[in-house]
Amino acid sequence: MALPRLAAVIGAPVRHSLSPVMHNAVFAESGLEWSFTRFEVVPGGAKAAIDAMAVLGIGGYAVTMPHKQQAFECVDEVDPAAEALGAVNTVVLRDDGSTYGASTDGNGFVESLLAEGVAVADRRVAVIGAGGAARSIVNALGRVGAADIVILNRTRASAESAAELAEAARAGTFDDVADADVLVNATSVGMGTDDLPIDAGLLRPDMAVADIVYHPLETALLRAARDVGATTVDGLGMLAHQAVLQQVIWTGQRPDPATLRRAAEHELASR
């Protein structure tokens, strides 16, 4: 019989992370003898945390800011997405004692779109933002065959840097939204406010609109998109689906994303 395992999210701060409730819901439902907690790890402490995995019997980490880049430098092997991004959000301790790092955010985002019937292969996608989340999304969109990925960002140099992560990507302007099949807000605009990252007049009923913000669940952007008849995908989709991929890496089992989503919704409702 396998021994009980521990997994955790490391970051600073991590007190508001939804990872514990989401992953523990899966462990409880599956019967796996795993449990999930959170560790507040000071900036610069990722190496020490990863070195401690074998000693403390920690089977896996979810890695959040500010540790993603340092964790990338500390693990023994990484997946293609992490290699391209220079960052990991998932670490697993393998049976031979080595560590493997992955980036599940971009793939999780794409899976959240597919789950809502939004295809991205051969489609034109406009991504607002050029930060870490946007970069992971751009890279994933490129790997699944998006025909055109235009990056909209206030700082063009950052958009050009993100565009290097996918062959079909380029820096653009908000005029490019007119040609987009899929629009993605990969910024924090709309978190706790009614601000919109673009002019609502650019939204069309024939486009799909996704927002990585999940608190509130329906952002001002998604509300405006729904009002014009567009297909909408909220930020909990990405969060749940990337967590599914983390579970696969840690345990080898693929849970139902609905389990993770329900746990996250219940937690958010209590905040």
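Me: Before we look at this predicted model, what makes a residue count as buried?

Reply: Buried means under 20% relative accessible area, exposed means over 50%, and partly exposed covers the range in between.

Me: Thanks! Why is His23 called buried?

Reply: His23 has a relative accessible area of 0%. The cut-off for buried is under 20%, so His23 is buried.

Me: Where does His23 lie, and which residues is it in contact with?

Reply: His23 lies in helix α1. Setting aside neighbours within four places in sequence, His23 is in contact with Phe36, Ala243, Gln246, Gln247, Trp250 and Leu260.

Me: And why is Ser35 called partly exposed?

Reply: The relative accessibility of Ser35 is 35%. Ser35 sits in strand β2, residues 34-40. Residues up to four places away in sequence aside, Ser35 touches Arg5, Leu6, Ala7, Asn24 and Phe27.

Me: How far apart are Ser35 and His23?

Reply: They are twelve residues apart in sequence, and their C-alpha atoms are 7.9 Å apart in space.

Me: What is the phi of Asp122?

Reply: It is positive, about 65°, although Asp122 is not a glycine. Most residues other than glycine have a negative phi.

Me: Now the helices. How do α5 and α6 cross?

Reply: The axes of α5 (residues 105-115) and α6 (residues 132-143) come within 7 Å and cross at roughly 65°. The crossing is right-handed.

Me: Which residues meet there, and what classes do they belong to?

Reply: Asp105, Gly106, Asn107, Phe109 and Val110 in α5 meet Ser136, Ile137, Ala140, Leu141 and Arg143 in α6. By class, the contact has five nonpolar, three polar and two charged residues.

Me: Which residues of α5 are buried, and what do they pack against?

Reply: Asp105, Gly106, Gly108, Phe109, Val110, Ser112 and Leu113 are buried. The buried residues of α5 pack against α3, α6, β10 (182-185), β11 (208-211), β12 (231-233) and α9.

Me: Finally, what is the volume of the largest pocket, and which residues are closest to its centre?

Reply: The volume of the largest pocket is about 1300 Å³. Of its 43 lining residues, the closest to the centre are Thr64, Met65, Lys68, Tyr214 and Leu239.

Me: Which elements give two or more residues to that lining?

Reply: They are α1 (19-30), β3 (58-63), α3 (68-74), α6 and α9 (235-251). With five residues, α9 gives the most.

Me: How many of the lining residues are nonpolar, polar and charged?

Reply: The lining of the largest pocket divides into 22 nonpolar, 17 polar and four charged residues.

Note on methods
Residues are numbered from 1 along each chain as its sequence is written. This is a predicted model: local features need pLDDT of at least 70, side-chain atom pairs count only at pLDDT 80 or more; totals for chains, interfaces and linings use all residues. Side-chain values use heavy atoms; hydrogens and water are left out. Axes are lines fitted to C-alpha atoms, for helices over the stretch in contact, and angles run from 0 to 180 degrees between N-to-C directions. Helices (H or I, at least four residues) and strands (E, at least two) are DSSP runs, numbered from the N terminus. A crossing is left-handed if the near helix is turned anticlockwise from the far one by less than a right angle, and right-handed if clockwise. Contact means heavy atoms within 4.5 Å. Ala, Val, Leu, Ile, Met, Phe, Trp, Tyr, Cys and Pro count as nonpolar, Asp, Glu, Lys and Arg as charged, and the others, Gly among them, as polar. On a 1 Å grid over the protein atoms alone, a cavity is a set of points where a 1.4 Å probe fits but cannot get out, and a pocket is an open set with protein on both sides within 12 Å along at least five of seven lines; lining residues have an atom within 4 Å of a point. Grid points are joined across faces, edges and corners, and a volume is the space filled by probe spheres set on the points. Buried means under 20% relative accessible area, exposed over 50%, partly exposed in between (1.4 Å probe, protein chains only).
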